[in-house]
Amino acid sequence: MFLQFDGNGVLYAQLARALKRAILHGQLKAGAALPATRVLAAELGLSRNTVLTAYEMLCAEQLTVARVGSGTFVATPAVLGDRPSIKAQVPAQTRYAARLRALPALTIRRVAHRLRYDLHYGEPLVDPPLVTAWRRELSQAVGARDWGYPPSIGLRVLRQAISEYLARRRGVVCDADDVVVVSGTQQAVSLLARVLIDEGSVVAIEDPGYELVSRALQAHGARLLPVKVDAEGLRVEVLPRRSGVRMILVTPSHQFPSGAVMSLARRTALLEYAAQRGCWVVEDDYDGEFRYDGVAIPALRSIDVHDRVIYVGSFSKVLFPGLRLGYVVCPRGVRDDLVAAKLHDDLGCGSMEQEALAELMQSGAFDRHLRHASAELRRRRATLLDGLREHCSKHLVVNDSRAGMHVVGWLPGWTSRQLEALAAHAAERGLGLHPIAPHYRRQPAPQGLLLGYAALSAKQLRAATALLGECLGKIADQTA
């Protein structure tokens, strides 16, 4: 048994305190037998009387119980539970830790796989051929690659594949040296916050917007400036006319969560604003690959002539979230600082996954997956919209942006209490619903649902929309 003596006072008192710490910290569990006095004395190089006295002190405090003929045992949980814990709340070590503790509870919940139908907006399409291709490429990468540390900027073969893909699919012209591989959008925003903003810097964000991004900025000490979003995206005209905004975060190709697509006029105005005031625009293109009206919308960075847009992309939606790979395209000066921050954060992303992904992209399998996924998502979206029109149109007004992997269903005249009752009742019936209101910073927020369709088959979506219609009708009748 490892016991740490504190060096204060006589040995039997030190031993008693050491045993007491072991009991209260859980090193010695309730009901466990203490070593025999002769055994512990020999182990610690103490006299038996010293150990006997320490045991008697513990019994007097009711931390242990002596049983004639059996030995000494740690007291039962009921007895120990009545004693005050010696563990105390550790004060925040830094201002960063204090800000983390001050953040409100996270409202985003993970997918509840126990539900039959979960209309979650963050789950990607499950594609069996992709899984097969990925398993093959990863197996080859494990056998072929050096198992050493990868460069913090990312493997060049992957950065080259990303730059070619962006030029081909998103209109972003860059070379491999402009690309930094990261573990996803969340790390990208956190690293950019470290190198671009100080405590107190003003950062404009969309309202509504993605909760985890705003939390990362708050943790770094940013002063958030929520800017309303309408059907054309971020309302650039309400940004402060004077300088002072250091960074602006936008999702222009498919605003999250409203689904709005930023108009060309707004894009041009935003770029002019950033150039005139010397602030950075961070473009989160989280699912810009998926459009269903035949009109490809290029990324905001593709029309940026002043080099103020930092482009962030991720493979979480086009492949699978567990891959934990994304990328940042930024000006060279920012890139150097970003690579340094990445190096000190985690040295670099996994080289085997990077190698496998690069081969998947270069072989054409990635583009084939995108074509298949787009076609399948178009079919599922149509099934969802048909089901909503058939079963839910009495209560639900659908806002369809013809992009991404979710639509918004508004509930005019509904209260937050009604929506809570709806979500609870639907969950009891096996249907997962996700309100849009928590994504708004300004309250009260409009009531509506984020209706994701990527993770459910067409058959499941037909059943889910029928069930949603039943739930809407029941709650509306109960609360009328």
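Biologist: What should I keep in mind about the model itself?

Modeller: It's predicted, so local features need pLDDT of at least 70 and side-chain atom pairs count only at pLDDT 80 or more, while totals for chains, interfaces and linings use all residues. Residues are numbered from 1 along each chain as its sequence is written, and side-chain values use heavy atoms, with hydrogens and water left out.

Biologist: Let's start with helices. How do I describe two that pack?

Modeller: You give the angle between their axes and the distance between those axes. Axes here are lines fitted to C-alpha atoms, for helices over the stretch in contact, and angles run from 0 to 180 degrees between N-to-C directions. Helices (H or I, at least four residues) and strands (E, at least two) are DSSP runs, numbered from the N terminus.

Biologist: What is the angle between α14 and α15, and how far apart are their axes?

Modeller: Helix α14 (residues 416–428) packs on helix α15 (residues 458–478) at about 135°, and the axes are 10 Å apart. That makes α14 and α15 oblique to each other; angles under 35 degrees count as roughly parallel, over 145 as roughly antiparallel, 65 to 115 as roughly perpendicular and the rest as oblique.

Biologist: Which residues make the contact between α14 and α15?

Modeller: From α14 you have Gln418, Ala421, Leu422, His425 and Ala426, and from α15 Cys471, Leu472, Lys474 and Ile475 (contact means heavy atoms within 4.5 Å). By type, the contact of α14 with α15 has 6 nonpolar, 2 polar and 1 charged residues. Ala, Val, Leu, Ile, Met, Phe, Trp, Tyr, Cys and Pro count as nonpolar, Asp, Glu, Lys and Arg as charged, and the others, Gly among them, as polar.

Biologist: And how do α2 and α3 cross?

Modeller: The axes of α2 (residues 37–44) and α3 (residues 48–60) come within 8 Å and cross at roughly 120°. This pair, α2 and α3, is therefore oblique, and its crossing is right-handed. Thr37, Arg38, Leu40 and Ala41 of α2 touch Arg48, Val51, Leu52 and Tyr55 of α3. That contact of α2 with α3 splits into 5 nonpolar, 1 polar and 2 charged residues.

Biologist: On to charges. How many salt bridges does the structure hold?

Modeller: The idea is that side chains of opposite charge can pair when their charged atoms come close. The structure holds 22 salt bridges, each a side-chain nitrogen of Lys or Arg within 4 Å of a carboxyl oxygen of Asp or Glu.

Biologist: What does Arg332 pair with?

Modeller: Arg332 bridges to Asp178, with the closest N and O atoms 2.5 Å apart. This pair links distant parts of the chain, 154 residues apart: Arg332 sits in helix α11 (residues 332–346), and Asp178 in the loop between α7 (156–169) and β4 (179–182). Arg332 is partly exposed at 38% relative accessible area, whereas Asp178 is buried at 12%. Buried means under 20% relative accessible area, exposed over 50%, partly exposed in between (1.4 Å probe, protein chains only).

Biologist: Where do Arg442 and Asp207 lie in the chain?

Modeller: They meet in a salt bridge, 3.4 Å from N to O. Arg442 is in the loop between β14 (431–432) and β15 (448–452), and Asp207 is in strand β5 (residues 202–207), 235 residues apart. Arg442 counts as partly exposed at 39%, and Asp207 as buried at 4%.

Biologist: What phi does Asp307 have, and where does Asp307 lie?

Modeller: Asp307 has a positive phi of about 60° although it is not a glycine, and Asp307 lies in the loop between β9 (280–284) and β10 (309–314). Arg324 also has a positive phi, near 55°, and lies in the loop between β10 and β11 (326–329).

Terms used. Left-handed = near helix turned anticlockwise from the far one by under 90°.
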